Amino acid sequence: MTAGTAARVDAGTRGDEFQIGIALSAMGFVLAGLGACVAILARDLDEPTGRLALLSSGFAVGLLVVALIGPRLLRSWPIPRVLAFGSVVCAIGAVLIAVAPTYTLAIAGGLFVGLGGALLVLVAPLLLNGPTAAARLSRVNAVASGTGILAPLAIGALDGLGPSGRLAMIAAAPPLLLLAVLTRRSQSPRPGLAGQRVEPTVSERGHVEPPVAVLIDSAPAVGLGRKWRGRVGRQVVVDVGVGWLRVVLAVSVEFCFVVWAVARLVATGLPTATAALLGSAFPIGMAIGRAIGPIRWRGWSPVLPSGALAACGTLLVSLFDSPALVALGLVVAGLGVAPLYPVTLASLVATPGLSSARLSAIGALASGTAILVAPAVLAVLARVVDLRTAYLVTLPLIAVLFLLSRRSDRTSFV
């Protein structure tokens with residue numbers, strides 16, 4: 001490779017990283033703002049808070065749809081086109097959530113965010129693949145986590161000034177539209193990446209390290225469109241089933257907090273604007289937890305100490321009605337929840353007997369299932385009792401995750 005060629009490749013690499021950084025940062029802002037928007041939309045549209053659970057359900061449906069059609073789309077369209085289309089769809093969804101005058105349009109905004117956002121995170125690891133993929137994805141994911149913290153702060157501050165705080169969601173649209181323009185100039189379509197294999201790495205101590213988590217760790221994986229051929233062993237089926245359930249449980253716990261944290265703070269008597277500001281407590285805890293990484297102690301699964309922290313946070317959120325203690329509980333819960341999905345996904349992808357692409361696709365379906373079901377179930381429980389009591393539903397989810405993670409001597413159960 002000549003010096004000129006190397007320079008062009010390096011420039012293209014930096015350009016890809018810049019584009020994906022824009023995409024995931026905008027998505028991080030929108031997703032972290034969903035919880036605050038649930039409470040504000042309930043007030044603005046005079047709807048019961050429980051009905052707004054469909055906002056996250058729309059996002060989950062988008063994930064599931066793209067998980068199903070993504071591989072076929074990648075075979076038909078070059079990656080830059082998929083990236084541009086996803087950014088425009090996601091921008092439309094963010095604007096709809098911000099300005100929707102009716103309940104139906106608000107839910108449609110959630111669906112558009114899900115469809116567009118799922119396309120963005122679908123192509124992110126494909127654009128950044130290569131020998132330095134982990135480091136590059138880590139960098140853009142770190143920026144996305146930072147913008148996620150800003151969302152509830154911006155929403156709460158704007159709401160306190162007079163306009164509806166959900167108007168802050170419009171801030172995600174300009175960078176997404178800019179991304180659509182930038183991708184039109186791309187000269188490297190790179191189709192046909194849907195079949196490539198992404199392997200987990202092994203640390204010096206022999207631990208299976210999770211693939212780099214992209215944004216909400218729920219990116220639809222490539223390879224789902226291919227039918228399983230041949231028969232797999234019974235033990236493989238059992239291991240995959242258990243791994244799928246562990247991912248469902250981990251994502252369920254996470255999204256109960258993502259969607260309902262601000263509503264829980266409002267229930268303590270705080271004004272909506274103040275609750276939205278304090279709603280940043282959970283993403284702050286998540287960001288710190290992701291920076292620390294999984295806690296490994298002796299031969300125990302890292303799920304156990306992380307789940308214990310999440311349970312402690314849940315108790316603070318549920319048993320006390322002081323805004324300060326609830327906010328503290330959200331930080332503690334974020335610290336504990338942060339490693340759960342990366343650890344359970346790494347375990348699933350490491351299951352022997354099936355390709356990692358198919359296993360990643362199964363993980364994507366698990367994520368979509370959890371996001372579709374868990375916040376809605378919590379909303380139903382909140383109608384029967386109250387949101388404070390309903391939050392305790394996360395405890396049995398964590399308990400089952402503990403039981404499924406006790407066999408930490410096996411790679412599949414890290």
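**Salt bridges, a helix pair and a nonpolar patch**

R43 and D159 form a salt bridge, meaning a side-chain nitrogen of Lys or Arg within 4 Å of a carboxyl oxygen of Asp or Glu, and their closest N and O atoms are 2.8 Å apart. The pair links distant parts of the chain, since R43 belongs to helix α1 (residues 3–44) and D159 to helix α5 (residues 133–161), 116 residues apart. Helices here are DSSP runs of H or I with at least four residues, strands are runs of E with at least two, and both are numbered from the N terminus. The structure is a predicted model, in which local features need pLDDT of at least 70 and side-chain atom pairs count only at pLDDT 80 or more, while totals for chains, interfaces and linings use all residues. Residues are numbered from 1 along each chain as its sequence is written, and side-chain values use heavy atoms, with hydrogens and water left out.

D44 is partly exposed at 31% relative accessible area, and R166 is buried at 7%.

A further salt bridge connects D321 with R264, the closest N and O atoms being 3.2 Å apart. D321 sits in the loop between α10 and α11 (323–337) and R264 in helix α7, 57 residues apart. D321 is partly exposed at 36% relative accessibility, and R264 is buried with a relative accessible area of 0%. Through shared partners, salt bridges join R43, D44, D159 and R166 into one network; the whole structure holds six salt bridges.

Helix α7 (residues 234–267) also packs against another helix. Two packed helices are described by the angle between their axes and the distance between the axes. The axes of α7 and α9 (residues 281–292) come within 10 Å and cross at roughly 145 degrees, where axes are lines fitted to C-alpha atoms over the stretch in contact and angles run from 0 to 180 degrees between N-to-C directions. In this pairing, E254, F257 and V258 of α7 meet F282, M286 and R290 of α9, a contact being heavy atoms within 4.5 Å. S306, in helix α10 (residues 303–319), is buried with a relative accessible area of 2%, and S306 touches G336, P339 and L340, leaving aside residues up to four places away in sequence.

The elements giving two or more residues to the patch are α2 (54–76) and α13 (356–384), and α13 gives the most, with six residues. V373 is located in α13 and is partly exposed at 42% relative accessibility.

For the protein chain as a whole, the secondary structure comes to 15 helices and two strands, and buried residues make up 54% of its 414 residues. Of the contacts with a separation of 6 or more, 84% are between residues 24 or more positions apart.

Definitions and conventions: Buried < 20%, exposed > 50% of the residue type's maximum accessible area, 1.4 Å probe, protein only.
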